[in-house]
Structures are given as structure tokens and as C-alpha cells.
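Hello,

Here is the structure I promised to pass on to you. Please have a look at it first, and then read my notes below.

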Amino acid sequence: MHRTTRIKITELNPHLMCALCGGYFIDATTIIECLHSFCKTCIVRYLETNKYCPICDVQVHKTRPLLSVRADKTLQDIVYKLVPGLFKDEMKRRRDFYAAHPSADVTNGSNEDRGEVTEEEKRIITDDEIISLSLEFYEGNKSEKKDATQTEDAGKANSVRYLRCPAAMTVMHLGKFLRNKMDIPSNFRIDVMYEDEPLKDYYTLMDIAYIYTWRRNGPLPLKYKVQPACKRLKLAHSSEDLASTSVHSESDSVSEKGSSPAALASTSSSLPSPSHGPGTPAQSPPHYHPTATASIVNGNTNCHQLPPSVGRDRKVTLNGSSVC
């Protein structure tokens with residue numbers, strides 16, 4: 001499972017701040033020659049006396065440098081969405097400016113230039129904003145409907161619930177809320193979904209609204225699915241089967257070793273020879289040598305060393321006695 005990494009806004013500041021004023025981008029404008037971005041007012045004022053980029057010294061334009069700059073709406077939207085309260089403060093500052101200077105009102109300017117755009121219209125969501133959402137049981141296809149009939153006690157189908165939650169609430173917290181509210185047992189897994197796509201546990205409501213372009217035209221539509229969490233049980237059973245199989249194999253190997261001729265020989269050699277009397281101690285079994293031959297004389301084993309040229313032991317029976 002991949003771990004999520006939380007990045008602080010200070011780590012992204014070099015990509016979100018203007019090198020001329022040291023603040024966050026306002027009306028971000030990019031030089032098309034080198035793709036360096038600045039605030040619109042900052043770069044326009046700078047290019048009145050310079051024709052080179054403030055960062056890399058690339059010539060912007062020989063005579064009219066303002067022709068080589070473009071407004072970067074995408075970058076500005078990213079800055080507004082990442083920096084909390086920046087859009088709201090900027091809109092308020094513009095409204096206050098035009099209220100204090102009525103003659104400076106720009107008739108051809110947009111509503112955003114005059115500060116008349118709200119966060120709802122701009123689709124800017126803050127962490128402390130309250131989001132309305134709806135929760136509905138996910139029915140799925142026909143095969144999943146059969147499984148859903150087994151989990152009717154865990155969750156009620158075709159019932160929609162409406163909630164108001166902060167935008168910073170995660171999917172994991174929403175799943176815990178459903179489990180506690182509906183008394184869903186712990187052996188069932190809850191999947192929160194947007195349409196037919198499962199959501200990550202670390203997603204916040206603000207992330208879902210941005211990813212799926214929620215238009216605020218109604219509650220955020222979410223669904224949930226309850227299904228048995230049986231994967232871990234299967235893994236546990238398989239490990240137990242492997243353990244029992246290994247135990248059986250070990251016991252089988254031990255039984256095979258016990259029935260092998262070598263084991264029988266070692267067992268019989270530890271017993272006293274029939275030729276010895278009851279008071280005679282039993283002799284210890286002789287050590288095996290790969291180049292040694294054995295001969296039995298009067299019940300005793302005598303080992304004779306053979307030269308290295310002899311590769312294998314040969315046993316010959318002569319008049320009922322074994323001669324090596």
C-alpha cells in the first residue's frame with residue numbers, strides 16, 4: 001500500500017511566489033521565452049525599464065517586451081486553491097480600492113478585476129468551509145446485488161442521507177461515521193465511492209470536489225458499499241494449510257528415515273550380539289569409512305582398509321559366511 005506524503009505549503013513557495021515582490025502570485029503572468037512567471041503588475045512595471053528576464057536574463061523582446069508575456073490562469077487558480085484565504089482577501093482588497101477611488105473603475109474589466117467574484121463562483125474551497133453531501137447505498141451490477149442481499153443487516157439499501165461536513169473531513173472519517181451510525185460489524189468493509197469509482201481513505205471532501213469538478217449545483221453525491229472483508233481470512237487459512245502440510249511432510253520424512261535400511265542397521269547394531277553372554281557388554285557400532293570393507297568372524301566385525309584405487313565395496317558369500 002502506498003503511503004501518502006503531506007507536503008507543507010512552505011515547500012511549494014518557490015513555485016508559487018513572485019521573485020520581484022516576494023509575495024504569492026496575483027494575476028500570474030508568464031514570459032513565453034523562458035516560462036518564468038511573475039505578478040502582472042510586477043512584470044509590467046519591470047519591463048518598462050528592462051528588456052530581459054529578471055531571473056535568467058533572457059531577452060524578452062527587442063523593442064516591445066510586453067508582447068512576449070501571457071496571463072497564466074491555470075497557475076493563478078492553483079495558487080488560489082493552495083493558499084488558504086488568498087482569493088477572498090484579494091477580492092476584498094479590490095472592492096475596497098474601487099470603493100475608495102470611483103474614478104479608477106475600469107468599465108472593460110471583468111468581475112474578477114473589480115473584486116465582484118465570490119468563492120462559490122470561482123469554485124475555491126477552504127478547509128473550514130461546510131460542504132453539503134448526500135450518501136446513498138451503492139447497488140452495483142447484478143452480480144454485486146446478489147452479494148448485497150447478504151449484507152442487508154449491515155447497511156440499508158436505497159436510503160439517501162444528507163450531511164453537512166467541513167471540507168477537511170477525510171473519507172476515512174466518513175467511513176467510521178457510517179460504521180458507528182449503522183452498527184456495521186467489524187468484519188465488513190465500507191467503501192465510499194463517487195459514482196462507480198472507490199475513493200482513497202486520505203481524500204478530503206475538498207480533494208473530491210476538485211478532482212471531480214463539483215459545480216455546487218447540489219449536494220456532493222457520494223455512495224457507499226458494504227461487503228465482507230474475507231481476504232484476510234483466506235490468507236490466514238492458506239498459511240495454516242501450509243504449516244500443516246510442512247508438519248505432515250516432516251513426519252513423513254521421519255517415518256521414511258525410520259524404515260530405511262540404514263536406520264535399521266543402526267538400530268540392530270546397538271543391540272548385543274547373540275554370541276555374547278548376558279554378562280558380556282555390547283560392543284559399540286563400528287565407524288563407517290568409505291574405503292573400508294567389513295567381514296564378520298564369530299559374530300565380530302573386522303574392518304580392513306583398502307587402497308584408494310578401490311572405488312566400491314564388494315561383498316561375496318562363501319560357505320554361508322560373508323567375505324569382503
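**Notes on the sheet and its surroundings**

L133 stands opposite L220 in strand 8. Before I go on, please keep in mind that this is a predicted model, in which local features need pLDDT of at least 70, side-chain atom pairs count only at pLDDT 80 or more, and totals for chains, interfaces and linings use all residues. Residues are numbered from 1 along each chain as its sequence is written, and side-chain values use heavy atoms, with hydrogens and water left out.

Overall, the protein has 11 helices and 12 strands. Helices (H or I, at least four residues) and strands (E, at least two) are DSSP runs, numbered from the N terminus. Of the 324 residues, 27% count as buried, where buried means under 20% relative accessible area, exposed means over 50%, and partly exposed is in between (1.4 Å probe, protein chains only). The accessible surface comes to about 22800 Å², and 54% of it belongs to carbon and sulfur atoms; these areas come from the Shrake-Rupley method with a 1.4 Å probe, and for residues only the protein chains shown count as cover. Among contacts with a separation of 6 or more, 55% are between residues 24 or more positions apart, a contact being heavy atoms within 4.5 Å.

Now back to the pair I began with. Two strands pair here if DSSP finds at least two bridges between them.

Strand 4 (residues 130-137) and strand 8 (residues 220-228) run parallel and are joined by 5 bridges. In that pairing, F137 has Y224 of strand 8 as its bridge partner. Strand 4 and strand 5, in contrast, run antiparallel, with 7 bridges between them; S134 stands opposite Y162 there.

What lies across these strands?

G140 is partly exposed, at 25% relative accessible area. The C-alpha atoms of G140 and K225 are separated by 8.8 Å, although the two residues are 85 apart along the chain.

Two loop residues may also interest you. Most residues other than glycine have a negative phi. L35, however, has a positive phi of about 65°. L35 sits in the loop between strand 1 (28-31) and strand 2 (37-39) and counts as exposed at 63% relative accessibility. D57 also has a positive phi, near 65°. D57 is in the loop between helix 2 (40-47) and strand 3 (69-71), and at 56% relative accessibility D57 counts as exposed.

One last item: I78, in helix 3 (residues 73-82), is partly exposed, with a relative accessible area of 40%.

Best wishes
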